[in-house]
Amino acid sequence: MKQFSTGLVLFLSLLSLLGCPPASQSQKKMAPLFRISTVLDTGKEPSFLISDDFDIDGNLDLAVLNSGEHTLSVYKGKGDGSFMDQVQYKTGADPICLAVADFNTDGFKDLAELNYQDQNIQIFLNTGRGGFKNTGKLIKPGKIPINLIAGDFNGDGFPDLAVSLRFHKVAILFGKGTGGFKEPVMIPVKGQPTGLVVGDYNHDKHIDVAVALAGSGNVGVEILWGDGKGKFEKSKVFKGGGQPLTVANVDANNDGFMDLVTSSNSLHAMTVLMNNKDKTFKTLQDFSAGEFPKFVAAEDFSGDGIVDLAVSNSTHDTVAVTLGRGDGTFIYPPIKHFVDEYPQGLVAGDFDKDGKMDVAVSNRDKNLVTILLKKNTVPSRLLIPKPASP
């Protein structure tokens with residue numbers, strides 16, 4: 001681990017297209033919001049990254065998948081923006097995604113880990129001190145799994161899993177509350193599913209699943225409306241970017257209803273889908289946040305009470321923060337923060353417990369995780385006219 005005192009994941013074979021023009025007028029370059037504080041050594045080719053308090057000490061920890069050597073690295077946070085050295089665990093072949101939940105209901109957060117090459121899921125149960133033990137059971141979700149997410153879909157108090165499968169399906173695996181899962185239930189979707197995210201998008205107190213659809217055919221986002229008993233009603237496909245590979249929740253207009261944002265790296269574009277509060281979404285104009293955007297985190301990074309977007313841009317070696325206006329649109333250009341080579345996984349959290357949101361990003365080609373802590377400055381904004389409707 002190196003200290004500095006100053007400042008899905010599946011690759012689809014897609015055509016390389018030109019990036020779209022920004023949706024808003026430009027403004028002068030603003031100073032970075034973050035400074036690089038800590039660099040953590042990882043295994044080979046770190047990719048998917050998550051954060052949670054695994055040992056319940058009040059400090060956020062990190063877990064990253066090392067896809068090049070089939071391992072998982074866990075870092076315990078110290079609460080000051082720094083982390084202890086990694087503890088590694090062996091995974092299956094080509095690990096690509098993690099989900100966090102208390103799968104055995106003992107009060108500690110566990111990990112579900114998805115292996116693309118082995119086409120299985122492995123469960124790592126929390127030992128109670130932030131360490132993990134593989135249950136040794138291989139869970140088969142279906143053919144060519146791409147992404148997974150956790151949520152209680154049938155209301156029994158036990159976390160379940162949703163897994164996107166390449167051939168137009170989402171598998172639902174209901175948890176037993178012991179770390180085990182029932183056989184998958186297949187739900188056909190209207191395109192090739194990639195990223196997944198869960199939320200109560202229609203405020204009926206039941207968990208829904210938002211599914212990004214890429215590849216050929218239908219492209220956009222499809223919602224699986226949950227009934228709280230393990231059944232789902234399928235929506236139509238809402239336009240949501242040219243080839244969306246990731247999808248994230250964001251309340252982009254501060255109305256209390258969760259909206260969605262997708263990243264389409266072949267188009268170098270981000271797309272916001274505004275929640276109409278009637279089980280439909282309105283797609284706003286694409287906007288630029290950098291080249292080859294991968295993962296997205298939505299938080300108030302500037303400290304003005306409005307949600308912003310942080311995006312890892314793989315081919316630019318940057319984390320770009322796009323400031324929100326609070327009406328669903330975002331300010332161009334983004335604020336760039338240069339990190340190391342080929343940033344991939346990205347997660348936000350208050351790692352130094354100062355009340356400000358920080359960012360961690362995995363850098364695949366240098367085998368590092370970079371911690372960017374929020375500076376004690378608030379960016380000055382220019383008054384920019386709202387972009388014209390497309």
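Colleague: Does lysine 205 count as buried or exposed?

Modeller: This is a predicted model, where local features need pLDDT of at least 70 and side-chain atom pairs count only at pLDDT 80 or more, while totals for chains, interfaces and linings use all residues. Residues are numbered from 1 along each chain as its sequence is written, and side-chain values use heavy atoms, with hydrogens and water left out. Buried means under 20% relative accessible area, exposed over 50%, and partly exposed in between (1.4 Å probe, protein chains only). Lysine 205 comes out at 79% relative accessibility, so it counts as exposed.

Colleague: What is the phi of lysine 205?

Modeller: You'll find lysine 205 in the loop between β15 and β16. Most residues other than glycine have a negative phi. Lysine 205 isn't a glycine, yet its phi is positive, at about 70°.

Colleague: How many strands does the chain have?

Modeller: Helices (H or I, at least four residues) and strands (E, at least two) are DSSP runs, numbered from the N terminus. With that rule, the chain has zero helices, and its strand count is 29.

Colleague: What share of the residues is buried?

Modeller: The chain is 390 residues long.

Colleague: Which residue is the bridge partner of asparagine 275?

Modeller: Strand β21 covers residues 269–275 and runs antiparallel to β22, joined to it by three bridges. The partner of asparagine 275 sits in β22, and it's phenylalanine 281.

Colleague: Which aromatic residue forms a ring pair with phenylalanine 281?

Modeller: Rings of Phe, Tyr and Trp (its six-membered ring) pair if their centres lie within 6.5 Å; planes under 30 degrees apart count as stacked, over 60 as edge-to-face and the rest as tilted. Phenylalanine 281 has a partner 6.3 Å away, centre to centre, with 75° between the planes, and the pair is edge-to-face. The partner lies in the loop between β15 (192–199) and β16 (208–214), while phenylalanine 281 is in strand β22, so the pair ties together parts 80 residues apart in sequence.

Colleague: Why is the pair of phenylalanine 103 and phenylalanine 181 called edge-to-face?

Modeller: This is one of the 11 aromatic pairs counted by that rule. Phenylalanine 103 is in the loop between β7 (95–101) and β8 (110–115), and phenylalanine 181 is 78 residues away, in the loop between β13 (169–173) and β14 (185–188). Both are buried. The ring centres are 5.6 Å apart, and the pair is edge-to-face because the planes meet at 65°.

Colleague: Which ring does arginine 364 lie over?

Modeller: A charge sits over a ring if NZ of Lys or CZ of Arg is within 6 Å of the ring centre and within 35 degrees of the ring normal. Arginine 364 is 4.0 Å from the centre of its ring, lying over the face of tyrosine 342.

Colleague: How many of the residues in β28 are buried?

Modeller: Strand β28 spans residues 358–363. Asp358, Ala360 and Ser362 point one way, while Val359, Val361 and Asn363 point the other way, and all are buried. The strand also has antiparallel partners: β27 (residues 343–349) over five bridges, and β29 (residues 368–374), also over five bridges. The buried count in β28 is six of six.

Colleague: Is asparagine 367 buried, exposed or partly exposed?

Modeller: Asparagine 367 has its place in the loop between β28 and β29, a hairpin with four residues between the strands. Its phi is near 55°, a positive value in a residue other than glycine. The relative accessible area is 29%, so asparagine 367 is partly exposed.

Colleague: What is the omega of the peptide bond from tyrosine 332 to proline 333?

Modeller: Proline 333 lies in the loop between β25 (318–322) and β26 (335–338). Most peptide bonds are trans. The bond from tyrosine 332 to proline 333 is cis, with omega near 5°.

Key. Two strands pair if DSSP finds at least two bridges between them.
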